[in-house]
Amino acid sequence: MTQGIEGSATIYASEEYAVHDEPYYLPIADEVELFETAYAQRIPVLLKGPTGAGKTRFVEYMAYKLGRPMMKVSSKTGQEAEHRMPLITVACHEDLTASDLVGRYLLDTDGTHWTDGPLTRAVKVGAICYLDEVVEARKDTTVLIHPLTDYRRLLPIEKLGQVIEAADGFLLVISYNPGYQSALKDLKHSTRQRFIAIEFDYPPREQEAEIIAHEAGCSREASIDLARLGEKVRNLKEHGLGEGVSTRLLVYAGKLMAQGVPARRACQVAITWLSRTTRKYNAASRK
Amino acid sequence: MTIVGELLARHHERLSGFPAPLEQHYEAGLRALSPRLSPNQLQSWAETGVELTALSLRSWEAAVEYFKAGAELPQSATWDAIETLGRESVQMAGESAPLAVSFLRSSAATMEAVGPSHVRQWADLGRRLYKGNWKSSSLAAQFFDLAPTVFHVLRIGQAARLVLFIDELSRHSYELASACLASAPTVLQKLDEDDRLPFIAFAVELAQSSWADSRLYFERGSTLIQKVHSPVRERYLILSAQVARGHNRSAFQYFEEASASLGELEPDDHHRVIELAEQLAPYSAYAAMDFVTSVPRVLERIRIDELEPWHNAGLRILEASHDGGEAYFRLQSTRGEDILETLSARIELSKIGEIMRLYCKALTGRNVSIQTAESLAEKGIGWVEEHRASTDGSTIFLPEVMERFHEKDENFAAMKVFATHQAAHIEFGSFDFVFDRLGGVFPLRRVAFALAREKPATTDMEEYFDLFPERKLASDLFTIAEDSRIDSRVKREYGGIRRPLARMQQEELAKRPDVRQLPLRNGFVENLVRASLDGVDAIRWPKDRAEAMSRALGLLKAVHTDEAMVEDAAEATLALYEIAISIPNVYENMDEGAWDSVEPMDAGQAMPMQGGESGGDGSQMQLGSSEGSPDDAEYESPQEIDFRGDFKPELVDLLMKLREDAKMGQGGEQSPAQLTPEQLAELLAKSVEIDLDAMYDGDLDASTGMFMNNLMKEAGNPASEKGDQNQPTSDNSTGAGEGEEELIPIVTVYYYDEWDFRAQDYKPRWCAVKESKLEEGDDNFYENTLREHAGLVAQTRKQFELMKPEMFRKIKRLPDGEDFDLDSAIEWMVEKRAGASPNEKIYWRRNKIERDVAVAFLVDMSASTDEEINKREKKYDDDDYDDDPRKYLSWWVSKRRQELTSPPKRIIDLERESTVLLMTALETIGDQYGIYGFSGYGRDNVEFFVIKDFNETLDTKIKNRLDKVTPIRSTRMGPAIRHATFKLMETDAKVKILVLLSDGRPQDHGYGRDRTEKEYAIHDTKQALNEAKREGITPFALTVDRAGHDYLKTMCEDMGYEVVADIEALPSRLPALYRRLTE
């Protein structure tokens, strides 16, 4: 039991973290039903879409939604509590290796101890394991992902000489942003073949306005304006703006505005800075 | 006996020996003078004449002229003058009789012109030109001959300057001096009296500095100077003279250019300009003249009252550095350009086109491109106005410059308003009209009218306009309704543009004509325009007709709602048309009180009933026309609204249709609805949007044909969806969409600044780098080189293979990692047991090593690389031959044979071979690389040859290109380096290297003050290398010039460079060097 309060922050063991309050999520299409069905069938899910479009929020929302009806006895403490679906999120980066996910030996005063990595923990407790930006991780992680995502649902732990059969609730969810990955860092075909893909894009103007209004607490008019701005900026994709402005940033701008920051300034700090002007080499190129 | 008779007799003996006329003239002179002179004077006069005869063999001729002049001398001639004339003649005849003849021949006339008191000065002037030889004598004689006319236009003092000038010229060329002298009276005649002296003064300076231009000056100068406002001509000439004083050869050129420039200005501004120029002159006369020359070009961008700040900024630079200031005023400095840019309130499309494109792209969400309105007019597809904004549905055309306000921001905002309106047409569907689609506001009435039509139309827009008997009226009304809808939509959607748009609308309102002066129907349309400009208050309309107007305004208001679509604008137009046609187009002469403002009717009421009013049962509905009353004035279209530009929905619709057809055609399938030329012709004839007469001269059939050709051509090359390809070079447009075929450009031109180290500033857009692919040659070269250097190739390959990084490198002793590092873990244990504090870093991890290198090789292809490397040359004085010719012969033969089998190598050959070797090395290691050659001549023609571009892979094509690496022309390194830098910056490699391979210092025509100057070129090259460095590129210069150390030291101050002393070592040296650079 590692749960505790230190300072003002609440600390959880990673496998015990669950979403407690219902996250706000506005379904755009059938993604909620799809995910529910997939989870029921334990089909791994790939969330595909640009950053800040709501992928993570969606996973949290689904974890909350799926966890709620289950009342279980906590395996470790024996306490009866409303069991929520644990959610383990791992942000992948280019140095993330398989052992970072599975676990490793650590030294302490008594010698070496094996410590489970987040994936192992998720497999053991039957959590949803969300690997964010999975293509960023090193290739050796695929070794782990593959047996977990087919009928076997196994996690081999080489160093311990163990194979763990995933607990019933376990599901692997990965996210993938096709926008900014180079050809080098693309999802392998064999990996792709193991997931159903739910596509995310920035919501249409009206819905986005609703989201902004809810999240930022700004006026309805301001949220419509922001959504409209977002739409225009996204028209400029690939002009130094990568994928346009995310809903997340629009929400930030809305929050600033709700606190009295003038609209123009709020948009400058939240949105305009994104556009790194394309390098103007002194080749003045027109007559 | 009279004194005359006595004197005749006295000298008879002396004079009778000469031809008869002498004595006759003597007598005539005596008789003419006798009444004016005393006997003594007359006697003295006669004796001087006699004295003349005796001076030399031919001096009697002078005497003839002397006596002749006596008879002709003007009444004003005093005895003093006559006496001086005599004395001067004698003296002159002593030096040269013919000179005296000329002097005397014109003396009478001259004295009249110059006045009797200046005889000596005048004689002196002529004498001054006389240098004792026959050429000078004839020049002086010419002067005397011309003297009467010269003195007619010049006072004696001025003439002295002229002679000074002629004298100066005569030192260089008598012919030129003579020609100038001959033309002087006529040239000077043309000038104002006050201008003559300064004109000559400048001539004198010119003669001293660049005498050869004098003739040009005399030929053209007077015309040129007329261009200058007369009160400042003198000051201007003095200014020009200062340039000449600097012994500048191009003084006349300065003068000519500056004069021409002044001619372009308002005469009233000349004073100010000259005054400003005079302030510069103490620092540099050239700068002053350049300033004058540049003024018209500068004034294109700034207003006259901003000239002074611009001038002052330049003056400050000039004070600090002459070269800097001169470059500034020559408009060859980046600083000057910047200052001009800051001062200028003008917005140029060429500068902001890219921003506008992104802006419009953001608004519309489509790849629109931006071009100048002019380019649209040039296409000859229906648009004729060169300065009005418009759109063809995929490209937005904007005016080239915007200078309606005094502030840059305001002009920019204005340009944005223009662009927004056009973009909004695209965004809000002005061109998506569907004939039978229901709009969001009005019921669908037009279909009912269409029943009466017999012919099917080509486009929906055409079908719609076909409903109206008076197409022009309908087109105008539709434009108003649709523009009005667009404007109100823009105002609602985009807060940022609201204010500038409102401002433009107010401005336009202020410019509208008075409704009361228009015939009624025109007035009606005019009122609608006002309403569309948000100026309902400005509407004036006869009270007794208020209902119709009110209803019309209600209709217009209805299209301002959010739901309104283009179809609603069309419905509104239909209803408006019905109202308009019911209003007679007559002048209403009513007093002030009869006109009133009108309130718009409620939209609901304004809407016509379903089925309309004009029709009966619906099956035969027809729109009215205005035929009838002969009192009606002809209907005129309302005055145009600037920011809305040219709206041609019918034409755009047609163009879109044609494009679609073209696309279908390209796809191989025949569209069933392909347009026939007949249909097209009919459509064109009907449409009021096309005015063929305004587009082409000549007869109608020919212009229709031409127009259709253009249109087809335009449609055949879909301009849309190409906006993202940013052409590095193009005219004033941005983005693509010019309609050209998508060919790979053979030559692409890039412009680069050049560094002027004297001015310490860049010359803006100075060099044109022409990039092209090197043509392909034979493929043997590549393979042969590999074969020839087989050993080296293998060795290099091996070396480079070793460099290939391991993908992962195990790094030990980390605080965190994949697993324990056994050694560290044991140490940790030991130390812990020993009671020491153990080192926590006991993990290892594999880290990815990425080699991410891009390298550009820049190969010098200048003519000097043609030089042979004469290393194998054997000296003749080797004692081996022992004077034995047979031995020598055998040596020679063997040498020849060797040369035949392997011809002597040139520098370029080694450069090429080294390149080949390097390429194999680079292929081994897998670095990105580009190989470029450069040469060229002059700043406009820097040739940049692509042998292998970064994105190309090594294939036969590239191998073949290597064969064509040959010596061409000069070495302008700066721009080539800048372009290679540009190429490198386009790659995304972490490590970027630029290797410059040359055989000598940079040099080119105009790369420095003259051919021999080295500093300029070296400094520019250095600057270019510095720029590369600033961009994070590692530059490296490699030269095979043994003298390379001198300039490389300056050029590559703190950069790597190497002089390869042994040229033949280059092939092995280059890969080795590269290895060192990147390891």
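Trainee: Leaving aside neighbours within four places in sequence, which residues is Lys959(B) in contact with?
Mentor: Those would be Asp778(B), Tyr782(B), Glu783(B) and Leu954(B). Keep in mind that this is a predicted model.

Trainee: And where does Lys959(B) sit, which helix of chain B?
Mentor: Lys959(B) belongs to helix H41, which covers residues 956-963 of chain B.

Trainee: How far away is the nearest side chain of opposite charge?
Mentor: That side chain is Glu783(B), 4.0 Å away. Lys959(B) has no salt bridge, even though Lys959(B) is buried.

Trainee: OK, switching to chain A. How many helices and strands are there?
Mentor: Chain A has 10 helices and 13 strands. Of its 287 residues, 46% are buried.

Trainee: Let's zoom in on helix H2 of chain A. What does H2(A) span, compared with what's expected?
Mentor: H2(A) runs over residues 55-67, 13 residues in total. From first C-alpha to last, H2(A) reaches 18 Å, close to the 18 Å expected at 1.5 Å a residue.

Trainee: Which of the H2(A) residues are buried?
Mentor: There's a list of them, including Phe58(A), Val59(A), Met62(A) and Leu66(A). Lys55(A) is buried as well.

Trainee: And what do those buried residues pack against?
Mentor: Several elements of chain A, among them helix H1 (31-40), strand S3 (45-48) and strand S13 (196-199).

Definitions and conventions: Residues are numbered from 1 along each chain as its sequence is written. Chains are lettered from A and ligands numbered from 1 in the order in which they are written. This is a predicted model: local features need pLDDT of at least 70, side-chain atom pairs count only at pLDDT 80 or more; totals for chains, interfaces and linings use all residues. Side-chain values use heavy atoms; hydrogens and water are left out. Helices (H or I, at least four residues) and strands (E, at least two) are DSSP runs, numbered from the N terminus. Buried means under 20% relative accessible area, exposed over 50%, partly exposed in between (1.4 Å probe, protein chains only). Lys and Arg count as positive and Asp and Glu as negative; His and the chain ends are not counted. Contact means heavy atoms within 4.5 Å. The expected span of a helix is 1.5 Å times one less than its number of residues.
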